[in-house]
Amino acid sequence: MNGVIDLSLWQMFFAYLLVVLVMGIIKLRGVSREKELLVASIRMTLQLTLTGYVLVYLFESMNPLYTILVIIVMEVFAIYNIYQRANMKLSKKIKDIIALSMAIGTLSSIIYFLLIVVNISPWYDPRYFIPISGMLIGNSMTGITLGVTRLVDGMRSKKHIVETALMLGATPKMAAKSIVDDAFDSAILPTINSMVGIGIVFLPGMMTGQILSGISPITAIKYQMAIMLGILGSVAFTTILFVQLGYRTFFNDEDQLIDFN
Amino acid sequence: MYEIRNVKYKNILDIDNLKIPEKKVTSIVGKSGSGKTTLLRLLNKLISCDTGTILFKDKSLKEINSVELRRKVIMLPQQPIIFEGSIRENLLIGLEFSEKELLPDDRLNEILKLVHLDKSLDSEAEKLSGGEKQRVALGRVILMDPEVLLLDEPSSALDDLTEDKIIEFVANYSRDNNKTLILVTHSKDISKKYSDIEIVIESGRISSIESKEA
């Protein structure tokens, strides 16, 4: 098998040249999107360069505290990102539930996946811990964002249906069931869809990266399968926790709907 | 059945003392915005009063589990709410919510006859007219065999004739089956025609109580 082709500065220049060509075509076509393309390319370059140096430092220093710190930063960023991307007013209670579900759901999935499935040694090996945690946290973040939006929207738009169910003797759990199920579906469906299309419609980034770096496709595929199952587990666990705890924030201790509009 | 003592709810309701007897038809009459629906919601424990006490069978509502109470005291809202699915599913959903035994189609068809609705159980409930939906909602509540029925004026979804028929039916059903009916209406005529006790509310306060038997 051939070794990895490291990209020289010239080769990188040609990669960027492609963007310049695209910008030229866009300008000729009269579509005013060249500014966004330029900003996106510059942001991507700066972010990845910085990440590259940080990762090199972390991998070389092999310090468990650094690994833990990176995971905390990822979690905090992901939780903050959910609050922003939900694009609606969220109560303090539901924000707390989002943070709790993300922390418990992703951390337990990360620990299970890295220490039992992959069995890394030492337990904090940043080469495994950081990228795999990133994938699990990132996908759970996307799942929970969809779940939050659907749950809050559902509880607002179907408030009268939930209240009628309460009038008919339903517990809050029964009254909110269809909304909770719907929120869980919308959170988990993108992960299920990506599992269905994987390997046929597209080759996932992690597997492509491993193959390009010279690892056998069989090993890369085994890793990809394991990571997909890990992502599914993490998204499902995080979202189940969120919807099961989240719907309750719309009711008080007397099983009455809270006036949240 | 109910006793209300010094109850206040926001700036909507302020009741010093009120007793609602069991196994009678009690109507609560008042203009729109006078606090009638709020009173029903308090009795059903969909909301709780800010101050004061509401007793149900001599026990404070605070000490009664809300879900348990709502399985005995069922409220029919002004706007009928229909769930996705057939008439059958809509009739049975109350029994499912209150974890009671589901009933066979024969019994469901009897209920449809009782509420004067000539439709198949398989018909899609969403496609019914406002009045028909109100009758399905009423049938759903009767199937649950509650001790107390709280009926918020159904007039918004019905024409006068249908409204009269429905209230007549519910009043007769309640008397025949020894149920307590608390009926909210804006119509003095309906109240006079069907109720044993008439409570008039004005701006959140009780202005008069009249009993036919007195």
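This is a predicted model: local features need pLDDT of at least 70, side-chain atom pairs count only at pLDDT 80 or more; totals for chains, interfaces and linings use all residues.
Two strands count as paired when DSSP finds at least two bridges between them, and this idea is needed to read the sheet described below. Strands of a sheet pair through backbone hydrogen bonds, either parallel or antiparallel.

- Chain B holds an open sheet of 6 strands, which follow the order 6-7-8-3-9-10 and show mixed pairing.
- Strand 6 (73–76) and strand 10 (205–211) of chain B stand at the edges with a single partner strand each, so one side of each is left without a neighbour in the sheet.
- From one strand to the next, the twist averages 15°.
- Strand 9 of chain B, made of residues 197–202, pairs with strand 10 of chain B in the antiparallel sense over 6 bridges, and Glu198(B) stands opposite Glu210(B) in strand 10 of chain B.

**Two helices in chain A**

- Helix 5 (residues 126–157) and helix 8 (residues 177–197) of chain A have axes that come within 8 Å and cross at roughly 155°.
- Because angles over 145 degrees count as roughly antiparallel, helix 5 of chain A is roughly antiparallel to helix 8 of chain A.
- The crossing in which helix 5 of chain A passes helix 8 of chain A is right-handed.
- On the side of helix 5 of chain A, the residues that meet helix 8 of chain A include Asn139(A), Gly143(A), Leu146(A), Arg150(A) and Met155(A), while the residues from helix 8 of chain A include Ile179(A), Asp182(A), Phe184(A), Ala187(A) and Thr191(A).
- By class, the residues of this contact between helix 5 and helix 8 of chain A divide into 11 nonpolar, 7 polar and 2 charged.

**The domains of chain A**

- Chain A is divided into domain 1, which covers 1–61, and domain 2, which covers 63–250.
- The C-alpha centres of domain 1 and domain 2 of chain A lie 29 Å apart, and 6 residues of domain 1 are in contact with 8 residues of domain 2.
- The side of domain 1 of chain A that touches domain 2 of chain A has 4 nonpolar residues, 2 polar residues and no charged residues.

**Where chain A meets chain B**

- The contact between the chains takes 15 residues from chain A and 18 residues from chain B.
- Helix 6 (residues 159–167) of chain A gives the most to the side of chain A that touches chain B, with 7 residues.
- The residues on that side of chain A divide into 7 nonpolar, 5 polar and 3 charged.

Technical notes:
Residues are numbered from 1 along each chain as its sequence is written. Chains are lettered from A and ligands numbered from 1 in the order in which they are written. Axes are lines fitted to C-alpha atoms, for helices over the stretch in contact, and angles run from 0 to 180 degrees between N-to-C directions. Helices (H or I, at least four residues) and strands (E, at least two) are DSSP runs, numbered from the N terminus. Angles under 35 degrees count as roughly parallel, over 145 as roughly antiparallel, 65 to 115 as roughly perpendicular and the rest as oblique. A crossing is left-handed if the near helix is turned anticlockwise from the far one by less than a right angle, and right-handed if clockwise. Two residues are in contact if their C-beta atoms, placed from the backbone, lie within 7 Å. Ala, Val, Leu, Ile, Met, Phe, Trp, Tyr, Cys and Pro count as nonpolar, Asp, Glu, Lys and Arg as charged, and the others, Gly among them, as polar. Domain bounds come from an automatic or database domain assignment.
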